[in-house]
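Hello,

Here is the structure you were going to look at. My notes on it follow below.

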Amino acid sequence: MTGTTAPLDFAGALARGLRNRNGAWEFIRAYADRWTDGLDESDGWEEADLDAAENRMGLRLPAALREAYRLFARRTDLTGNHDRLLAPSELYVDAAREALVFRHENQGAASWGILLQTLREEDPAVLIRADLADRSVERWERWMDRFSVCCVEIVLSESVQAGGEVCGFLHEPAEEDLLVLEQTFVRLPLPQYPAGGNGPGIRWFLGQDVLVRDDGAGLLVRGLTAEALDRFRGLTPGEWIDS
């Protein structure tokens, strides 16, 4: 059952979760408890699965990646509604041997990875590489400065695209819709990303039991309840598409 545990100080918990990887895991647990079905031991991979991945590739996985995979990486509702977090057996090093790839865009348009030279760091940066027609111009570009922060983003982004009666998408919101968002919702403290990108990047907002991702093309919205989502729809009457 969703949304039945104690209230979550969402913005405060998120701010604490961005400070270090232990805070990130605490936020993900609290978010799952309040906004989805809570996490349990079966939601993570076993140490043996991660050891097997290391042996197969001949490398060591960063501590943050191992901790995340042990905590929630089997929960497809938090990791695979749109883009997909790879299972340990699917992790691989890219053809140029530059990065360890751990996530794919849903149509194969991009991959997320960690540079091999940073694998010894406990919580390394995450980069993204677009799949382009001209492979010679493909580059790994900065996405998030720490893997644990990327995990927070993954959980939030995938959960607002979970479908069902609590999720929806407002296509090409009007200027007045964005004003409602900016003037009445709390801007959440996720850093601008992609890191170093032009413009405001992807933005996150929190309202009355409503979580919103503004990606420039539309608003991905999840309500704590269907009623909360309906309230937000009443404030932003545009071209709504069920997620």
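At what angle do helix α2 and helix α6 pack, and how far apart are their axes? Helix α2 (residues 21-35) and helix α6 (residues 147-159) pack at an angle of about 15 degrees, and their axes are 8 Å apart. Before the rest, a word on the source. This is a predicted model, in which local features need pLDDT of at least 70 and side-chain atom pairs count only at pLDDT 80 or more, while totals for chains, interfaces and linings use all residues. Residues are numbered from 1 along each chain as its sequence is written, and side-chain values use heavy atoms, with hydrogens and water left out.

**Helix packing**

Some terms come up throughout this part. Helices (H or I, at least four residues) and strands (E, at least two) are DSSP runs, numbered from the N terminus. An axis is a line fitted to C-alpha atoms, for helices over the stretch in contact, and angles run from 0 to 180 degrees between N-to-C directions. Angles under 35 degrees count as roughly parallel, over 145 as roughly antiparallel, 65 to 115 as roughly perpendicular, and the rest as oblique.

By that scale, α2 and α6 are therefore roughly parallel to each other. On the α2 side the contact (heavy atoms within 4.5 Å) is made by Arg 21, Ala 24, Trp 25, Phe 27, Ile 28 and Tyr 31. On the α6 side, Ser 148, Cys 151, Val 152, Val 155, Leu 156 and Ser 159 take part. By class, the residues of this contact between α2 and α6 are 9 nonpolar, 2 polar and 1 charged. Here Ala, Val, Leu, Ile, Met, Phe, Trp, Tyr, Cys and Pro count as nonpolar, Asp, Glu, Lys and Arg as charged, and the others, Gly among them, as polar.

Helix α2 also meets α4. The axes of α2 and α4 come within 11 Å and cross at roughly 15 degrees, which makes α2 roughly parallel to α4. This crossing of α2 and α4 is right-handed. Arg 21, Trp 25, Ile 28 and Arg 29 of α2 meet Ala 63, Ala 64, Glu 67, Ala 68 and Leu 71 of α4. The contact of α2 with α4 has 6 nonpolar residues, no polar ones and 3 charged ones.

How do α3 and α4 pack? Helix α3 (residues 47-57) and helix α4 (residues 63-71) pack at an angle of about 140 degrees, with axes 10 Å apart. That makes α3 oblique to α4. The crossing of α3 and α4 is right-handed. Glu 47, Leu 50, Asp 51 and Glu 54 of α3 make the contact with Arg 66, Tyr 69 and Arg 70 of α4. The contact of α3 with α4 divides into 2 nonpolar, no polar and 5 charged residues.

Thr 236 sits in the loop between α8 (226-235) and β12 (239-242). Is Thr 236 buried or exposed? Thr 236 is buried, with a relative accessible area of 0% (buried means under 20%, exposed over 50%, and partly exposed in between, with a 1.4 Å probe and protein chains only). Not counting residues up to four places away in sequence, Thr 236 touches Leu 170, Asp 177 and Val 180. A polar atom of the Thr 236 side chain lies 2.9 Å from the backbone oxygen of Phe 232. Thr 236 and Pro 173 are 63 residues apart in sequence and 8.0 Å apart in space, C-alpha to C-alpha.

Asp 177 lies in helix α7 and counts as buried, at 5% relative accessibility. With the same exclusion of residues up to four places away in sequence, Asp 177 touches Leu 170, Leu 235, Thr 236 and Pro 237. The C-alpha atoms of Asp 177 and Leu 219 are separated by 9.7 Å, and these residues are 42 apart along the chain.

**Backbone details in loops**

Arg 97, in the loop between β2 (92-93) and β3 (99-104), has a phi near 55 degrees, a positive value in a residue other than glycine. Arg 97 is exposed, with a relative accessible area of 55%.

Glu 172 is not a glycine, yet has a positive phi of about 45 degrees. Glu 172 is in the loop between β7 (167-171) and α7 (175-184) and is exposed, at 60% relative accessible area.

Finally, the peptide bond from Tyr 193 to Pro 194 is cis, with omega near 0 degrees. Pro 194 is in the loop between β8 (186-187) and β9 (203-207).

Regards

Terms used:
A polar contact is a pair of N or O atoms within 3.5 Å; within protein, one must be able to donate a hydrogen and the other to accept it, and residues adjacent in sequence count only if both atoms are side-chain atoms. A crossing is left-handed if the near helix is turned anticlockwise from the far one by less than a right angle, and right-handed if clockwise.
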